[in-house]
Amino acid sequence: MIRVALRGLAGRKLRAVLTSFAIVLGVAMVSGTFVLTDMISRAFDQIFTEQYANTDAVISGKSADISFEGETAAAPSFPEEVLQRVRNLSDVEVAAGGIGDDSATKILDKKGKPIVPSGAPTLGFGIDFSPQADRFNPLRLVSTTPQGRWPAAPNEVIIDRGTAGDEGFHVGDTIRIATLKPIEAFKLVGIAQYGSVSSIGSATFTAFQLPKAQELLNREGQLDAISVAGKEGVSQERLVQEIKRVVPLNKVEVRTQAQQVKEAKKQGAFTKVIRYFLLAFAAIALFVGAFVIFNTLSITIAQRIREFATLRTIGASRRQILTTVTLEALVIGLLAAVIGLFIGIGLAEGLNSLFKALNQDLPTTGLIVAGRTILISLLIGVVVTLAAGLAPAVRATKIPPIAAVREGATLPPSRLAPFVPFIALALIALAVAALAYGMFVDDLSTLVRLLSLAVGCLVLFIGVAVVSPRLVPGISRIVRPLAKWVMLGVSALVYPIRLGTWLVRDGLLRRELSSSQRIVKFAGGVVLMLLLGPAVLFAAAYLLSFLSVVIGYGLIGAIAVLEAVLVFWLLMVVVNRLRGRGFPSDLPSIRFDPATDRLSGENSRRNPGRTAATAAALMIGLALVTFIAVLSNGMKQSNRRAIERQVKSDYMITSQNGFEAISLEAGDAAARAPVVRLASSVRAGIGKVAGSGQQVTGIDPETITRVYHFDWKDGSNASAESLGPHGAIVDESFADSKHLDLGSRFKLLTSNGTSTQLEVKGIYEAPPFYPLLGVVSISKSFFDQIYDRPQNLFTFVEVTAAANDATERALKQSLKNFPDAKVQTRGAFIHDQDKDFDTFLILLYVLLALAVIVSLFGMVNTLVLSVFERTRELGMLRAVGMTRHQVARMVRQESVITALIGATLGLPLGVFLAALVTRALSQYDVQFVPPWRNLIAFAIVAMIVGVLAAVIPARRASRLNVLQALQYE
């Protein structure tokens, strides 16, 4: 029986390959995710380990225990005099101080624009480059011509090799750098990398001499860290204890090298979030792949009834039949897992390139393929395949021996068949309950909530898939007329290419043509096929981009690939003509064909279970894409409404990336501009407010109410205007959670450890989706007293004249020394927020495209198997006069009907899930606004998927030998 199973696979190579592809892609995503995140984790580990390699003890500022939305309080600076105390210790061999900032230092490119990576830090270092402190220097000069060196003067710097390479900077160049001070020019004396890590992703770094960095980053007389090396024979623990006796422990923390490395590595913990994020999409692809495998094995077993019945007749037991089918699934799963594992190694580079394209790349090292990656990839591939193939394998055991002599025998119905509708409804009800539990029940842990939502979605998809065979006949009748028009439209769009290929083949292969006729037909065919035809498709894709930019440009990329395929096809036809091979084809046409239209509809309804399982794979991908599109569009609308509700000013000044802080001097420079009537800056920082980490903002009491709208619940604009040094304006939701009223007092702990009492002067309702101010706002002057190095988050600007291009140019001119400051109207600010949403959407669409590709191969697989199954039928149709074009059209339209069934189920399901989640997020004022243009685009994509899936099966069906087909069993 083992030989039977293996020979069966060898005899059905195409089916096995198409089946395995569904698992290959899912496993590739899993292994690629592990490889990429291992490379990122290793890079961070190397950075932190090498940074402290020659250090015995590290002194850093003592930060308050405050965290808010993933951001932790930065360690404050401490007096520089601590360094001299440490150097005076008898057990200290050498000690050096340094400073570092992760956002204020911006390198300007050759056009004068700041290099601002999206989400990555722009690091600025102040380093002691003296020979005795060289052991603590975490940077390493790279080989350049001329060879670089460390800065030896205040006007000299080094920068990272990535920025130097991308921008074309060389040693000896003069570069301009913006910090917390106005722009200054520096001489580039060296190019460096961080230890042995050659790439730090999209991050940048600049290293100055320590005194110059202290001046530029507002740390005069202060340090951020001190690295200490003890004398020979002095243990790290002993050195730390000695240091603690001479430093102010209320301001600094002292750690051994191992403790500091462990603390620093916490900064790389976010790679786990990336890993789980990518693995979620791998799980989706594998889930869709399981449907494909289940459907393929079910079809294969139905086609092999007589084979299994014969085996039963000659003595095979049910267990042996089960073993045979299970072994086939095991071999397919194992081979697919191995192939997927190796493809995943390449996919890791692809994912990294995707992050780079979105300006979100991270530090990486060389290739890492851990044993855990290999084991998990192989295990997932085999387990998913075996689980998906279990039900078909069990059904195979129920084939009776008598079926060996019956013509047209079918599988016996399952004992559960009468109860399938009730099982489906129970699954759907269970799924809705799980989703409701995860979204509406309070006091759930994050893990339980996510598991509840994930299980609810999976069960919902399974429930809909189980009930869909009952829905297929009705849906098929509804979408068949649409499929007919889709085929007509597609035929019209590709007709120039089809006509071109016909002219090329006819000109090269028809025997009775003269030389001039051959040349005219061949040249005309090449022009139609390679120029006019693709131009028509490009125009259609461009029009589709108005519905969805991502899909439109994706199709343009696909058309470029098609152009390359057509060139290759042309070369192959010419080569075959020179070898005396090939034959002319039939003239293509554009017309309705009632016969193929009717047959395609009947074929889709002939086996509703098979059609439903095929459509279910596409349904899942479309449902998830639709869910994300509807939910994100609602969030974008909520974001827009929130900003419009708050901002009253003509302009806003933000950082270039919109979320980092900017220098106070930028706001002051804008206020001095002749066109400015009023400029109101807003500071921002995190603090522990009444016991919980929150954002705290500093506002100008005299001007804030003229540029920002407060929806007062207790108090009025006068409350803000008379704020005073210890007064606070509080968001209503926070006040309710902490039981605060007008006049209530509460404690604020800042990031530098300063604690102060505040009094509630006013309570207002902030938009829950995107509040621009923190839950607590205090006066700007008091904020500057209790926070170190305060910076602006926004500056709201009112101008004296109308907001027009001339006014905006004048504002930008006033900020010419602060290139990281960005001047925007309220509408432009909203547009930038929308772009951030769209960028993240592109990432999600690309990752979800994997599930759609898996479903595409599932449709190809089903159609290929269907062509095998209907070989005699197709031969009969050809025998009674059906042309090759009609056979191909019939298979294509059947595929489009299946795709439309998937869209009919998937699009409403995605909208339903989005509506459910929107309802759960109603407390954040998330709107339910379906993006109808995108939904139409998704339906069109489903139709295109149907057409593409039918290319190979239709070609195969149209080329069947009529006589051999009539004899096929």
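Predicted model: local features only at pLDDT ≥ 70, side-chain atom pairs only at ≥ 80, totals over all residues.
Figure 1. For orientation before we zoom in, the C-alpha trace spans about 100 × 70 × 70 Å along its principal axes. The chain holds 29 helices and 25 strands. Of its 969 residues, 52% are buried. The protein chain exposes about 42900 Å², with carbon and sulfur atoms supplying 59% of that area. Among contacts with a separation of 6 or more, 82% join residues 24 or more positions apart.

**Figure 2. A positive patch on the surface.** Here we meet Arg 318, Arg 395, Lys 398 and Arg 415, which gather on the surface as a patch of positive charge. To find Arg 415, look in the loop between α11 (371-396) and α12 (420-440). Is Arg 415 buried or exposed? Its relative accessible area is 74%, so Arg 415 counts as exposed.

**Figure 3. A nonpolar patch on the surface.** This view turns to Leu 334, Val 338 and Phe 342, a nonpolar surface patch whose members together have about 270 Å² of accessible area. Val 338 sits in helix α10, which covers residues 318-357. With a relative accessible area of 32%, Val 338 is classed as partly exposed, because that class lies between the buried limit of under 20% and the exposed limit of over 50%.

Figure 4. Thr 55 belongs to the loop between α2 (13-51) and β1 (57-61). Despite its loop setting, Thr 55 has a relative accessibility of 1% and therefore counts as buried. Which residues does Thr 55 touch, not counting those up to four places away in sequence? They are Phe 136, Ser 227, Val 228, Gln 236 and Gln 257. Take a moment with Ser 227 in particular: 172 residues separate it from Thr 55 along the chain, yet their C-alpha atoms are 6.1 Å apart.

**Figure 5. Thr 807 and its surroundings.** Our last stop is helix α23 (residues 805-814), where Thr 807 lies. Thr 807 has 6% relative accessibility, so this residue is counted as buried. Leaving aside neighbours within four places in sequence, Thr 807 is in contact with Tyr 651, Val 675, Val 799 and Ala 802.

How values were computed
Residues numbered from 1 in each chain as written. Heavy atoms only, no water. Patch = residues over 30% accessible without salt bridge, like charges linked within 9 Å, V, L, I, M, F, W, Y side chains within 5 Å. Areas by Shrake-Rupley, 256 points an atom, 1.4 Å probe, with all protein chains shown as cover. Salt bridge = Lys/Arg side-chain N within 4 Å of Asp/Glu carboxyl O. Lys, Arg positive; Asp, Glu negative; His and termini not counted. Charge placed at Lys NZ, Arg CZ, Asp CG, Glu CD. Helix = DSSP H or I, 4+ residues; strand = E, 2+ residues; numbered from the N terminus. Buried < 20%, exposed > 50% of the residue type's maximum accessible area, 1.4 Å probe, protein only. Contact = heavy atoms within 4.5 Å.
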